[in-house]
Amino acid sequence: MIDWEEIIKAESVEELREAKLWLFQENMRLENLNRRMMQEKKRLKEENLFFEKKLAILQDGFRQLEEDRRRLDRERQMFDREKMERDRMFYRQRQDEPRLSGDNVAQALFRNVKNNPLALRKRYKDLVKIFHPDNLFGDEELIQLINREFSRRRRDE
């Protein structure tokens, strides 16, 4: 704080010069502080603008993500409805199909073999390799059905 009374009471020119120099230096210091403060205000304003731009970009991104999520939900719901309808149609068709009995299964396994003894034997060997009871997926009942169908087809030839 400046003691103006002391400056007014200054008796010599030298004391006035010192006071004047001090006032000049203090004025320069205040101007520097003012300049720095103005620069800092400008920097803060620019940072605030930059932050607002980044915020706007993020908000737009979140808005776009929300729109995409809603669109995907609608597509998923449509897909689920279509899948349910396809499944419903599939099961309706399956209900209309006749159930396979053991003989029908054996006939189905030999379905594409037409009056050709070599093809019949080849199919029989392949089926035995697959369904023999000693195999991992073997089935004794099914192998009996295959044997019966093979015998019946050999007689028919």
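1. Burial. A residue is called buried at under 20% relative accessible area, exposed at over 50% and partly exposed in between, using a 1.4 Å probe and protein chains only. By that cut-off, 9% of the 157 residues in the chain are buried.

2. Basis. This is a predicted model, in which local features need pLDDT of at least 70 and side-chain atom pairs count only at pLDDT 80 or more, while totals for chains, interfaces and linings use all residues. Residues are numbered from 1 along each chain as its sequence is written, and side-chain values use heavy atoms, with hydrogens and water left out.

3. Elements and overall form. The chain has five helices and zero strands; these are DSSP runs numbered from the N terminus, with helices being H or I of at least four residues and strands E of at least two. The order from the N terminus is α-α-α-α-α. The radius of gyration is 49 Å, well over the 15 Å that the globule rule gives for 157 residues, so the chain is more spread out than a compact globule. That radius is taken over C-alpha atoms, and the globule rule is 2.2 Å times the number of residues to the power 0.38. Along the principal axes, the C-alpha atoms fill a box of roughly 145 × 35 × 25 Å.

4. Nonpolar core. The largest such core has ten residues: Ala-106, Phe-110, Val-113, Leu-120, Leu-127, Leu-142, Ile-143, Leu-145, Ile-146 and Phe-150. The term means a set of buried Ala, Val, Leu, Ile, Met, Phe, Trp, Tyr and Cys residues joined through side-chain atoms within 4.5 Å. H4 and helix H5 (140-156) are the elements that give two or more residues to this core, and H5 gives the most, with five.

5. Glu-149. This residue lies in helix H5 and counts as buried, at 5% relative accessibility. Leaving aside neighbours within four places in sequence, Glu-149 is in contact (heavy atoms within 4.5 Å) with Ala-106, Gln-107 and Phe-110. Ala-106, on the same exclusion of residues up to four places away, touches Leu-145 and Ile-146 as well as Glu-149.

6. Helix H4. Residues 117-131 form this helix of 15 residues, which reaches 21 Å from its first C-alpha to its last, close to the 21 Å expected at 1.5 Å a residue. The expected span is 1.5 Å times one less than the number of residues. At the start of H4, a side-chain oxygen of Asn-116 comes to within 3.1 Å of the backbone nitrogen of Leu-118.

Technical notes: A polar contact is a pair of N or O atoms within 3.5 Å; within protein, one must be able to donate a hydrogen and the other to accept it, and residues adjacent in sequence count only if both atoms are side-chain atoms.
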